[in-house]
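Visitor: I would like to learn how to read a model like this one. Please take the features one at a time.

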Amino acid sequence: MAKKLDDIIATLPAQRCARIEGRAMKLATPKVRRKVVEVSRKDLSAVFDVVPNTISSST
């Protein structure tokens, strides 16, 4: 059975995972970046019990 990429990355050191994530975001298309940011905003809004639009998506 083939290994899943998430399983392989989970076995790597944290510093290496951070570098991979950073590089992936540099290579990601704007559409993918917006999707990632939107998911993050939804997660944060659930934690803080606020509307997702109140959380800024700018860096």
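Guide: From the N terminus on, the elements of the protein chain run α-α-α. Helices (H or I, at least four residues) and strands (E, at least two) are DSSP runs, numbered from the N terminus. The chain has 3 helices and 0 strands.

Visitor: What does the radius of gyration of the protein chain say about how spread out it is?

Guide: The radius of gyration is taken over C-alpha atoms, and the globule rule is 2.2 Å times the number of residues to the power 0.38. For 59 residues the rule gives 10 Å, whereas the protein chain has 15 Å, well over that, so it is more spread out than a compact globule. Along the principal axes, its C-alpha atoms fill a box of roughly 40 × 25 × 25 Å.

Visitor: How is the confidence of the model read?

Guide: This is a predicted model, in which local features need pLDDT of at least 70 and side-chain atom pairs count only at pLDDT 80 or more, while totals for chains, interfaces and linings use all residues. Residues are numbered from 1 along each chain as its sequence is written, and side-chain values use heavy atoms, leaving out hydrogens and water. The predictor's confidence in each residue, pLDDT, goes from 0 to 100. The protein chain has a mean of 82, with 95% of its residues at 70 or more. Confidence is lowest in helix H3 (residues 30-48), at a mean of 80, and highest in helix H2 (residues 14-27), at 89.

Visitor: Does H2 lie buried or in the open?

Guide: Buried means under 20% relative accessible area, exposed over 50%, and partly exposed in between (1.4 Å probe, protein chains only). Of the 14 residues of H2, the number buried is 1, so H2 lies largely in the open. Across the protein chain, buried residues make up 8% of the 59.

Visitor: Which residues is serine 45 in contact with, beyond its neighbours within four places in sequence?

Guide: Contact means heavy atoms within 4.5 Å. Serine 45, in helix H3, is in contact with Val50, Val51, Pro52 and Ile55, leaving those neighbours aside. Serine 45 counts as buried because its relative accessibility is 6%. Its side chain reaches the backbone oxygen of lysine 42 at 2.8 Å.

Visitor: What is the phi of aspartate 49?

Guide: Most residues other than glycine have a negative phi. Aspartate 49, in the segment after H3, has a positive phi of about 55° although it is not a glycine. With a relative accessible area of 70%, aspartate 49 is exposed.

Note on methods. A polar contact is a pair of N or O atoms within 3.5 Å; within protein, one must be able to donate a hydrogen and the other to accept it, and residues adjacent in sequence count only if both atoms are side-chain atoms.
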